[in-house]
Structure formats: C-alpha cells, structure tokens
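My notes are in the order I looked things up.

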Amino acid sequence: MPFKPCEASDIGCLRPIRVIKSDVFRLAALFAFLFLALTGILICTVLWIVEGTQRAALTGANDADISTIINGFRDEGLHEAIEVVRQRLGTPMPTFKRAARPDCYIVIEDEGGQKLAGNLSPLPVKLGVFTIDLPDADDPKEARPRGHHGPTHILGRGVEITQGIYLFVGRDTKFLAIVAERILVAFMWVVLGAVTIAVVVGLFLGSRFMRRVDTIAQTCKSIIAGRWDERIPLLGREDEWDRLAGAINDMLNRISALLENLRQVSSDVAHDLRTPLTRMRNRLEEARAKSTSVTEYSAAVATAIEDMDQLLAMFAALLRISQVEAGTRLSTFSMVSLTEVLENIYQIYLPVAEDYQHSLTSNIQEDVCIHGDAELLTQMFSNLVENAIRHTPERTRIRITLERQNEQAAACIVDDGPGIDPSEHAKVLRRFYRVSSSRSTAGHGLGLALVVAIAGLHHAKLALSDANPGLQVKTTFPSGRDD
C-alpha cells in the first residue's frame with residue numbers, strides 16, 4: 001500500500017514543518033538567538049580581559065628584566081649589563097632540549113646603531129611600550145616552532161640605560177593568540193551544545209504543543225459534526241492547558257445547555273401556540289360562516305384581538321427571558337438595597353392580597369444590599385408574590401422574609417396553601433409548564449421561568465421546598481454589602 005503524505009488539513013499530522021511553525025518552537029529559537037548574542041558579548045568581554053591581563057603580565061616580566069640589566073649596569077658598568085644579557089639569553093641546561101622559541105628577546109645597542117648584545121638585530125630607538133614584528137630572517141630556523149610561518153609579534157619596552165646606550169626587552173605574543181584560540185574553541189563547543197539543546201527542546205515542546213492543540217481542534221471538529229457530548233480531555237496537571245481545556249469544556253456545557261433549552265422552547269412554543277391559534281382560527285371561521293350582522297363580526301374580531309394580545313404577551317415574556325439569559329443587563333448592575341425592593345413589593349401587593357382575601361405579612365431585615373439590577377429584582381419578586389396570591393385559595397397566609405445568612409442574603413416567599421407536589425418542583429421552573437391545578441387560571445407558564453433567568457443572572461440559588469403546609473421559594477444571593 002503506497003504511503004500517503006500528511007495533508008496540511010490533517011489535525012493529527014505532526015510534520016516537522018508544523019512543529020517549526022509553532023509558537024513554542026519560535027520562542028525556543030528566540031531564546032537560542034538571545035543566548036548566542038549574549039554568548040558573543042561574553043566571549044568578547046572574556047577575550048578583552050584575558051588579553052589585557054596577559055599583556056600586563058608580559059609588560060611586568062619585561063620590566064623585571066630591564067630592572068635586572070640596569071642594576072648590573074649601575075653596579076659594574078656596561079660590561080656587566082652585557083654579561084647579564086648573555087646570561088639571560090644563555091643556552092638551556094644540558095638536560096633539556098632547546099626551546100622551540102626564545103622566551104625573551106633583548107638587544108643592547110650604542111648610539112651608532114651597533115649591536116652590543118642580545119638576540120635581536122639593532123632597532124630604531126623608540127622609548128616606551130610597543131610591538132614589533134620580527135621577520136622570519138631574524139628568527140633562526142632552529143628557534144621556530146614546527147609549522148610556524150610569518151613574522152613573530154613581540155611586545156616589549158625600550159629604554160636608555162645611559163646616554164647613547166639603548167636597551168629593548170620584549171617577549172613573543174604567540175601564546176596570547178593560542179589562549180584566545182582555546183577560549184574561542186571552548187565557547188564554540190558551548191554554543192554548539194546550547195543550540196543543539198535548544199533545537200531538541202524546541203522540537204519536543206513544539207510537538208507537545210501541537211498535540212494539545214490538535215486535541216482541542218479535533219474536539220471542536222467533532223462538535224461541529226454534531227457530537228455535542230464530546231469534551232476536551234484533562235490531563236490532571238492543573239497547568240495552563242488544563243485550565244484552558246476546563247474553560248472550553250465549561251463553555252461547551254453552557255452552549256449545550258442553551259441549545260437544549262432552545263430545542264425545548266421551540267417545542268413548547270410550537271405546542272402552546274397550536275391551541276390559541278387553532279381556537280382563533282375556529283372562531284374566525286365560525287364568524288365567517290354564521291355571523292350575519294356587523295355586531296357579530298365586531299364581537300368575533302374583538303375576541304381574535306384578545307387572543308392575539310395573549311400571544312403577543314407570551315412572545316414579550318419569551319423575549320424578556322432571552323434578554324435576561326443573554327446577560328445584556330449586566331452593564332446596569334450596581335449596589336441595590338434588597339430591603340427596599342422587598343419593602344416596595346410588600347406595599348404594592350398588600351392591597352392586592354386583601355382583594356383576594358389573603359393575609360400578606362413581612363419580616364424584612366434592614367440594610368441588606370446585593371450587586372444587581374433593581375428593576376429585574378422587582379420583576380422577580382413580583383412574579384413570586386403574584387403566583388402565591390393567584391394560585392392559592394382564600395384566607396391563605398403569605399409571608400415575605402429577608403435576612404442575612406453567613407455573608408449571603410436569603411429572601412423567601414412562603415405560603416400555607418396547598419403547595420406543589422415535590423416531584424413537580426423542578427418542572428414548574430421550565431417554560432410553559434403549569435401544574436394541573438393552575439391550568440384554569442390565566443397565564444402561559446413563563447413567570448417562574450423568568451424568575452429562574454433573573455436569579456441566574458444574579459448568581460443566586462433558587463430553591464423550592466415544602467412549607468408544611470404550602471410552598472416556600474427561597475432565593476439566596478451572594479452578599480454585596482460594603483461594611
């Protein structure tokens with residue numbers, strides 16, 4: 001079977017070119033470049049320091065020889081100075097071979113340029129420290145190292161011993177180049193090793209990076225293909241990749257929940273619209289078939305308008321729920337006094353409860369504040385209190401409470417009516433769901449769905465429980481009180 005090369009679109013294909021193009025490899029290459037630049041600066045600094053130190057050592061050795069020769073001259077005259085030079089340049093001990101090259105170059109000459117002693121040809125008189133190039137002709141063949149070609153560079157100092165007598169003492173700088181060469185070779189191996197390590201580490205990290213990216217990309221492709229249950233696997237290292245994968249998984253869970261909610265809403269809307277639209281059509285059809293006067297036609301149209309108003313109210317409620325769930329009101333959040341919100345609710349619904357022959361009481365703690373939207377919170381608690389009033393029999397006692405509990409604010413709407421079967425507590429929070437006992441009353445089953453959306457926007461926990469008798473709806477908010 002012929003080998004099929006990887007395509008650029010293949011997620012699992014880890015071709016070298018993909019690794020090289022990865023940000024991790026480029027980052028490793030950048031650090032390698034910076035390392036090379038810093039190494040170059042370090043090499044130049046080391047060479048400068050070493051060369052300066054060695055030149056200072058050569059100059060010190062030359063000055064020591066000059067002092068010895070001058071001391072001999074001062075003690076016993078020129079003859080003694082010449083003898084000191086000859087001894088300094090004398091043949092090595094018999095047990096050793098002659099050095100490949102003299103370790104010292106000296107010349108004493110008179111004012112006529114005549115060489116008096118030393119192993120150098122007469123030089124032009126020049127005082128101070130300077131460098132001369134010794135041609136091959138002046139460097140005896142037996143004194144040259146094997147493979148040596150070209151002039152010898154000598155660093156020395158020229159002085160006048162006395163009037164008309166010139167002395168030059170110098171040393172070969174060949175070993176300076178040898179030391180510099182060895183330093184360069186050592187650093188070259190260090191650089192070579194560092195570059196090799198950088199390339200290997202870059203390829204290794206780049207491959208790991210690409211594998212993790214491919215895993216995320218593959219999961220995204222699976223989700224695009226419709227497999228909504230796919231999630232990015234976590235390695236348990238709690239590194240940045242696990243944090244990213246966890247955030248993406250949370251986002252996918254949220255999207256999946258929203259899509260499921262959308263499917264449920266679409267199904268519920270289609271189901272709940274069928275009845276009023278069918279009723280409206282039947283009434284209009286009946287009016288067309290049986291109505292014989294303007295009055296009968298007007299009554300049929302008025303009834304149809306009422307049905308349309310109910311549908312529009314239902315769509316308005318759905319739109320408001322969608323806006324709340326989308327978080328478009330987060331920008332309006334500020335510190336809100338939950339105490340004032342519930343006090344206003346109590347004052348507004350107290351006469352309404354009396355009309356329904358209910359008892360509405362309150363126990364609201366003062367100075368309870370949260371971070372939220374006052375209008376939405378009013379809407380939420382209005383729905384809860386209104387549900388308690390409308391869906392309970394006469395003489396039902398309804399209580400509004402608010403208290404601070406462990407850095408949280410807990411608001412409860414409690415009644416002692418018939419309550420809701422615990423098996424339906426979760427169902428009544430869904431859109432369009434209505435318990436059998438409330439189907440005879442007006443409404444669309446969207447009030448508690450809006451309550452759930454507003455509570456979620458405020459990061460509040462909504463809990464329904466049996467009040468024995470009756471129902472308790474408890475909403476717990478994170479406290480926003482600034483003490």
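I began with the contacts of Asn383. Leaving aside neighbours within four places in sequence, Asn383 is in contact with Gly447, Leu450 and Val451. I note that this is a predicted model.

A polar atom of the Asn383 side chain lies 3.2 Å from the backbone oxygen of Gly447.

Is Asn383 buried or exposed? I found a relative accessible area of 12% for Asn383. The cut-off for buried is under 20%, so Asn383 counts as buried.

I then placed the residue. Asn383 is in helix α8. I listed the buried residues of α8: Leu376, Leu377, Met380, Phe381, Ser382, Asn383, Leu384, Val385, Ala388 and Ile389.

I checked the helix itself. α8 has 17 residues and reaches 24 Å from first C-alpha to last, close to the 24 Å expected at 1.5 Å a residue. What caps its N-terminal end? I found Asp373 there, with a side-chain oxygen 2.9 Å from the backbone nitrogen of Glu375.

Last, I turned to the pairing with α7. The axes of α7 (residues 338-355) and α8 (residues 374-390) come within 10 Å and cross at roughly 35°. The crossing of α7 and α8 is right-handed.

I wrote down both sides of this contact. From α7 come Leu338, Val341, Leu342, Ile345, Tyr349, Val352 and Ala353. They meet Leu377, Thr378, Phe381, Ser382, Val385, Glu386 and Ile389 in α8. By class, I have 11 nonpolar, 2 polar and 1 charged residues in the contact of α7 with α8.

How values were computed:
Residues are numbered from 1 along each chain as its sequence is written. This is a predicted model: local features need pLDDT of at least 70, side-chain atom pairs count only at pLDDT 80 or more; totals for chains, interfaces and linings use all residues. Side-chain values use heavy atoms; hydrogens and water are left out. Axes are lines fitted to C-alpha atoms, for helices over the stretch in contact, and angles run from 0 to 180 degrees between N-to-C directions. Helices (H or I, at least four residues) and strands (E, at least two) are DSSP runs, numbered from the N terminus. A crossing is left-handed if the near helix is turned anticlockwise from the far one by less than a right angle, and right-handed if clockwise. Contact means heavy atoms within 4.5 Å. Ala, Val, Leu, Ile, Met, Phe, Trp, Tyr, Cys and Pro count as nonpolar, Asp, Glu, Lys and Arg as charged, and the others, Gly among them, as polar. The expected span of a helix is 1.5 Å times one less than its number of residues. Buried means under 20% relative accessible area, exposed over 50%, partly exposed in between (1.4 Å probe, protein chains only). A polar contact is a pair of N or O atoms within 3.5 Å; within protein, one must be able to donate a hydrogen and the other to accept it, and residues adjacent in sequence count only if both atoms are side-chain atoms.
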